Structure formats: structure tokens, C-alpha cells
Amino acid sequence: MSDQCILSSLAITYSSVLGGDFIRYFAGAGGIYLLVNTLFSSRLRARKIRRASPPKGQIRREILASLRTVAIFGANGTVIVMGAEAGILSVYTDVADYGWGYLALSAVLLILFHDTWFYWTHRILHYPPVFRRLHRLHHRSHNPTPFTSYSFDTGEAIINAIYLPLALLVIPAHPLALFVFVTHMMLRNAMGHSGFELFPANKQGKPLFDWMTTVTHHDLHHAHAGYNIGLYFTWWDRLMGTEHPAYQAEFARVARPSASPQ
């Protein structure tokens, strides 16, 4: 195959993958913003974590930064496609090769391992010399919005992107499992930055699913950067002592059922 044909193939693949990442970001972040921060914001008023609104210009800055992240994720997706075609990365297309049970298991494993990858790379990103170069932009959104979810410096976007091709070196995955993984990643990320507590509480005002990170959990990270480093689950923060000591009280403040005793 000539160099021109290779470049043409790469361009076609990249444009296709880029389009999917672009749609995922704006459908996920934009959809959560439309539903939570706009259409149902009045109904969710009691669950708003902070009284203040994000400053003027923040969302525009977040979207512009996110376009760069989408471009980087598109390049990463192109690497995955080419790696799978070359037989380097384990992506299979026939469900019968492994069965539906494994397909579901592989999606769960990708999510679990991603949470671990995120926790430890996120801790590194908060090391002061690294933070200034690779993570400062994300934390400029002190009062986050769903659009904050992809508002990364270039280096942070690359660190987040390379997890998936590394995982596919050892975990065979069907495109449907990959779709579940990236959709879950986008929605949880956008929800976690929405500023409204969307997770249910039990009668005592504690998170009903206490093993999952809530919106309050991640919002506290933007307020107190050294705490609540995990992405999907609370396990690593609790094991490593990085969960904010006021987390449970802050969650109860915005999520306690109205019928609960005060």
C-alpha cells in the first residue's frame, strides 16, 4: 500500500472516530447540562451543591478546551482501530467468539480497571510540579459544570486517553463492550461535574450506593483538591485515606430525603 493510501485510510478512520467522540461529548455533557442544569434545575434546587453559579465565560473556556480533548481522543481511537486491524490490540467482532457473558464481564473489567488507572494517575497529576503543567486547567473550573468533564490540558487528555489501548493489550473486548465503557465514562463524568446531587440517599441521609462516587464526592474534589480523587468508586479514596472527612455530612445536606428527621 502506498504512503498516500495509508494517509487516506488514516484520515478516513480519524474523521469517523472523531465524529463519534464529538457526538459523545456534546450529547453527554450537553445532554446532562440541558436536563440537570436547565430544564430540571428548579425541581433540583434543594439538591444544588453550591449557591453560587459558575462565573461568566467558564463554559465557553471549558468547551474550547474540550474540543482539543476530543481531537486527542479521536487520535487515540484511531490508534485503537489500527492496532486492532494489525492484531496488536484485542478487539473482536463476533460475539460468539467469547459469548455474551464475557462481553458483559469485559465491560465491567474495563470500568473497574479504569477507576484504578484514574485514581493513581490523578494522584500524580496533583503532585505540584505536575499539577501546574498538566492539571491546572481542569481545576480552573472551581465550580464545575458538565462541560468541565473534558476540560483538560493536553498532557492530561493524553494520560486519560492511553488507558484504553493499554487495557486492550490484555483484555479482549467487543465493540459493544467498548461502547458501554466510553458511554458510562462520559455520563458519569458529566454527572459528577453537574453541581446537583443526582444520587439517592437512604433514610439516614447517607448515599444509598455508598461504594459509588456521588456528585457531592467529586464536587468536594474541585473545592478541596487533595481529597476525593476517585472517578467511579469510593474504594481507593477510603483505602488510601483521601476521602474528604466532611463528605458524608455534605452529601446529607443536599440529598437527605425531605421526610427524614432533621
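Predicted model: local features only at pLDDT ≥ 70, side-chain atom pairs only at ≥ 80, totals over all residues.
Reader: Which residues lie nearest the centre of the largest cavity?

Author: The lining of the largest cavity is made up of 15 residues. Those nearest its centre are F118, F152, N160, N189 and L231.

Reader: Which helix gives the most to the lining of the largest cavity?

Author: Good one to check against the structure. At least two lining residues come from each of α3 (100-125), α6 (154-161) and α8 (175-192). With three residues, the top contributor to this lining is α3.

Reader: How many residues in the lining of the largest cavity are charged?

Author: Sorting the lining by residue class gives six nonpolar and eight polar residues. The charged residues in the lining of the largest cavity number one.

Reader: And which helix gives the most to the lining of the second largest cavity?

Author: The second largest cavity holds about 80 Å³ of space. Its lining includes R188, N189, M191 and G192. Both α8 and α9 (215-223) supply at least two lining residues here. The biggest share, four residues, comes from α8.

Reader: How many residues in the lining of the second largest cavity are polar?

Author: Among the lining residues of this cavity are H193, T213, T214 and H218. By class, the lining has four nonpolar residues and one charged residue. The count of polar residues in the lining of the second largest cavity is seven.

Notes
Residues numbered from 1 in each chain as written. Heavy atoms only, no water. 1 Å grid on protein atoms, 1.4 Å probe; cavity = no way out; pocket = protein on both sides within 12 Å on 5 of 7 lines; lining within 4 Å. Nonpolar A, V, L, I, M, F, W, Y, C, P; charged D, E, K, R; others polar. Points joined across faces, edges and corners; volume = space filled by probe spheres on them.
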